[in-house]
Amino acid sequence: MIPAEFAYYAPTSLAEALALLRQYGDDAKLLAGGHSLLPALKLRLTSVGHLIDIGRINNLAYIREDQGRVCLGARTTHSEVETSALLQQQCPLLAECASHIGDVQVRNRGTIGGSLAHADPAADYPAAILALEAEIQTVSANGKRSIKGGKFFVDMLTTALRPGEILTEVRVPTHAAHTGSAYLKVPQPASGFAVVGVAALVTLDAKGQCATVRVGITGAATKAFRAGDTESALTGRLPDDTILAQAAAQATNGIETSGDIFASAEYRAHLTRVYTKRALAKAVERAKTQP
Ligand code: FAD
């Protein structure tokens with residue numbers, strides 16, 4: 001289908017993009033990789049009078065280390081995240097998560113900023129963003145803002161971004177010593193989106209017990225969430241098979257799982273628990289090999 005008519009802008013600086021957002025308000029949208037927005041425009045699920053393409057703003061695509069964190073510009077593509085040697089070394093969970101997104105074409109065009117701003121409940125990154133306790137940086141006419149990952153995803157397709165705000169950077173802490181992580185997913189067979197996706201991060205202490213456990217889950221509910229009861233059940237314990245199973249069984253505590261034609265709410269809850277155990281087991285195995 002053909003989208004409704006819109007005016008197209010290609011600013012070359014953040015200041016220019018912010019001025020356009022300010023000028024056109026609710027009738028303007030940012031365009032990044034276009035892999036969520038353009039299908040929605042074409043299907044006329046949404047319409048916009050003014051499309052502001054941030055693809056020509058040079059300083060929005062980078063991956064660099066800064067004071068114990070890896071910082072990613074909003075326009076960094078999924079493919080750049082997946083293949084980044086820095087991320088594979090310092091924060092492999094995010095790179096592994098990116099490798100599960102869609103197909104090569106989607107990964108070559110789609111951006112981390114666009115994916116997070118869109119907040120599809122079945123998107124992959126939110127699970128890793130929560131497990132990593134990442135931070136999201138934004139800029140607007142009112143200045144810069146830092147939003148904790150845990151506060152960013154508000155509801156289905158809804159984030160903490162305010163009108164006129166541009167997501168500029170994602171900051172992920174580098175993995176601590178003796179830390180292992182894993183992202184596992186049940187992909188929807190046609191789109192590749194997550195029916196359920198689980199990001200697990202485990203740090204072991206000198207006795208081999210779990211010092212830190214973080215589990216982020218996507219696809220299972222209207223927004224991504226942390227499996228708090230699972231994390232508490234495992235922290236301070238030796239992660240043997242029985243303990244892992246007991247902890248993973250609590251992954252959906254307090255969560256209303258979603259049901260659709262691909263998976264009923266009950267089946268999604270079951271998948272969530274099964275994949276939480278598998279992701280935790282893999283993270284533990286990897287942690288054992290880390291200096
Ligand atoms: P766009 O589509 O350009 O924008 C999306 C929204 O974010 C728009 O509302 C836009 O205004 C806003 N936006 C963009 N950038 C910013 C910014 N910097 N600041 C504020 N707002 C911004 N995703 C997955 O996670 N897993 C999958 O398996 C998966 N499979 C896919 C399969 C197909 C066939 C397709 C088409 C997409 C798939 N996606 C999947 C989605 C893909 O990852 C998109 O790239 C992503 O959701 C949106 O990123 P984008 O850069 O394309 O953003």
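Analyst: The account below concerns the ligand and the residues around it. This is a predicted model, in which local features need pLDDT of at least 70 and side-chain atom pairs count only at pLDDT 80 or more, whereas totals for chains, interfaces and linings use all residues. Residues are numbered from 1 along each chain as its sequence is written, and side-chain values use heavy atoms, with hydrogens and water left out.

The ligand has 29 residues around it, and L30, S36, L37, T111 and D124 come nearest; a residue is near a molecule if one of its heavy atoms lies within 4 Å of it. By class, this shell holds 14 nonpolar, 13 polar and two charged residues. Here Ala, Val, Leu, Ile, Met, Phe, Trp, Tyr, Cys and Pro count as nonpolar, Asp, Glu, Lys and Arg as charged, and the others, Gly among them, as polar.

At least two shell residues come from each of β2 (28-31), α7 (112-118) and β10 (166-173), and α7 gives the most, with four. Helices (H or I, at least four residues) and strands (E, at least two) are DSSP runs, numbered from the N terminus.

A backbone N or O atom of L37 lies 2.7 Å from a ligand oxygen, and a backbone N or O atom of A32 lies 2.8 Å from a ligand oxygen. From the side chain of H78, a polar atom lies 2.9 Å from an oxygen atom of the ligand. The protein covers 89% of the 970 Å² of accessible area that the ligand has on its own, by the Shrake-Rupley method with a 1.4 Å probe.

Note on methods
Polar contact = N/O pair within 3.5 Å; in protein donor to acceptor, adjacent residues only side chain to side chain.
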